[in-house]
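Please look through the sequence and the model below before reading on.

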Amino acid sequence: MDVFNETLHSWQNFYFMIGGAAATLAGLMFVALSLGLHLITKVTQTDLNLFATPSISYFVSTLLLAAVMLVPTYTPPALALILCLGGIAGMVKTLPHVTKLIQTARKHQDFTLADWLTQVVMPTLTYMLFLGAALCLVVNQWSIAFMGLWIAAIFLLIAAISNTWSLVMWIVDRSN
């Protein structure tokens, strides 16, 4: 086995763990959503989509990253291509959502620093890390690429958990 694939293989436990966490948390999010189904009206649908949709996207992105990283053999350019496509797709999906969040935050003036970090900065930075990791793989900087990817995976989970928690708190607030 070549050095690149040995290095990739050494990350498998991390990606098994992060993929399992993402799948489990996505399932729990559906449980939380089912508890708040009675609150969904035409008026609340937009608020609900603002938090639920990105959470699912971030959990799925984490799960897909884990699945990609668990493939036993790659060449660096092949993995770079997959990460580049994932980074572009993530940016295309995330930027419109982040724009809506910024508009909502300005309108309601209720975003905290933690909200800005977990719901705006981290998701955007995550997909930039995908693109940076792809570039690092192309120029044979594997250790930097792998470091960027584990940071991206953690950021995605933190963003998804934060969005899901906001959703749960919204359900609790509306239930009272």
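**Aromatic pairs and the core**

In this predicted model, the count of aromatic pairs comes to seven. The points below describe two of these pairs, and then turn to the residues packed elsewhere.

**Aromatic rings**

- Phe4 and Phe146 form a stacked aromatic pair, with 5.8 Å from centre to centre and 25° between the planes.
- Because Phe4 lies in helix H1 and Phe146 in helix H6, this pair ties together parts that are 142 residues apart in sequence.
- Phe4 counts as buried, at 1% relative accessibility, and Phe146 likewise counts as buried, at 1%.
- Trp11 and Phe14 form an edge-to-face pair, with 5.8 Å from centre to centre and 80° between the planes.
- Trp11 is partly exposed, with a relative accessible area of 21%, whereas Phe14, at 17%, counts as buried, since the cut-off for buried is under 20%.
- One aromatic cluster is formed by Phe4, Trp11, Phe14, Tyr15, Trp142 and Phe146.

**Nonpolar core**

- The largest nonpolar core has 47 residues, and among those with the most contacts inside it are Tyr15, Leu83 and Leu149.
- Helices H1, H2, H3, H4, H5 and H6 each supply at least two residues of this core, and the largest share, 12 residues, comes from H6.
- Leaving aside residues up to four places away in sequence, Leu83 touches Leu65, Phe130, Ala133, Ala134, Leu137 and Leu149.

**Gln119**

- Gln119 is found in helix H5, which spans residues 113–138, and it counts as buried, at 1% relative accessibility.
- Not counting residues up to four places away in sequence, Gln119 touches several residues, including Phe51, Phe111 and Asn163.

Key. Residues numbered from 1 in each chain as written. Predicted model: local features only at pLDDT ≥ 70, side-chain atom pairs only at ≥ 80, totals over all residues. Heavy atoms only, no water. Helix = DSSP H or I, 4+ residues; strand = E, 2+ residues; numbered from the N terminus. Buried < 20%, exposed > 50% of the residue type's maximum accessible area, 1.4 Å probe, protein only. Contact = heavy atoms within 4.5 Å. Core = buried A, V, L, I, M, F, W, Y, C linked by side-chain atoms within 4.5 Å. Phe/Tyr/Trp six-rings, centres within 6.5 Å; stacked < 30°, edge-to-face > 60°.
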